[in-house]
Amino acid sequence: MQTVKLGVSSLVSSRIAYGCWRSAGTSNPAEVTPEARKAGHSAVIAAYEAGYTLFDNAEIYCRGVCEEILGRALSEVSGMRERVLVATKCGIRVAGDPDAIGRAGERRGAACTCERAVADQRRVAGKRERRLRANVEISGEAPEVRDQCQ
């Protein structure tokens, strides 16, 4: 698989990201079965073995279950944690969740991402999205991710 250098950093990733949003097989955590977790785990490992080193994930994907699946693969596959990058989104909430918008939600999301995906700050490419404006992407490492992962 082709790789690309990310900006002026020393980070290099696969040219294509593996999207983890369906790795639990559903968006509803109540519907996730042990078989679905196993299938998602196998899919993440297969993507890594195929050359993917950039994995897109977020706390909103099945309310954290997809991050848990990726985290399990990162902890079980020798060398994977050191070789992959995780792109994440923080602060996106389902209607009715506390801290639905703003910095507090971003900090909470960043903390959860780091816990679930067993990521370290150098390997998490943070992205913030706000609902008040049309998904404004802020490039680079979000300070909330960096601060929570230390």
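Val-44 lies in helix 1, which spans residues 34–49. Helices here are DSSP runs of H or I with at least four residues, numbered from the N terminus. The model is predicted: local features need pLDDT of at least 70, side-chain atom pairs count only at pLDDT 80 or more, and totals for chains, interfaces and linings use all residues. Residues are numbered from 1 along each chain as its sequence is written, and side-chain values use heavy atoms, without hydrogens or water.

Val-44 counts as buried because its relative accessibility is 0% (buried is under 20% relative accessible area, exposed over 50%, partly exposed in between; 1.4 Å probe, protein chains only). Leaving out residues up to four places away in sequence, Val-44 touches Tyr-18, Phe-55, Ile-69, Leu-70, Ala-73 and Met-80. Contact means heavy atoms within 4.5 Å.

Helix 1 packs against helix 2 (residues 65–76) at an angle of about 55°, with the axes 9 Å apart. Helix 1 is therefore oblique to helix 2. Axes are lines fitted to C-alpha atoms over the stretch in contact, and angles run from 0 to 180 degrees between N-to-C directions.

A search of the whole structure finds 2 salt bridges, each a side-chain nitrogen of Lys or Arg within 4 Å of a carboxyl oxygen of Asp or Glu. Arg-37 pairs with Glu-68, with closest N and O atoms 3.3 Å apart. This pair links helix 1 to helix 2 across 31 residues. Arg-72 pairs with Glu-76 at 2.9 Å between the closest N and O atoms.

Methods: Helices (H or I, at least four residues) and strands (E, at least two) are DSSP runs, numbered from the N terminus. Angles under 35 degrees count as roughly parallel, over 145 as roughly antiparallel, 65 to 115 as roughly perpendicular and the rest as oblique.
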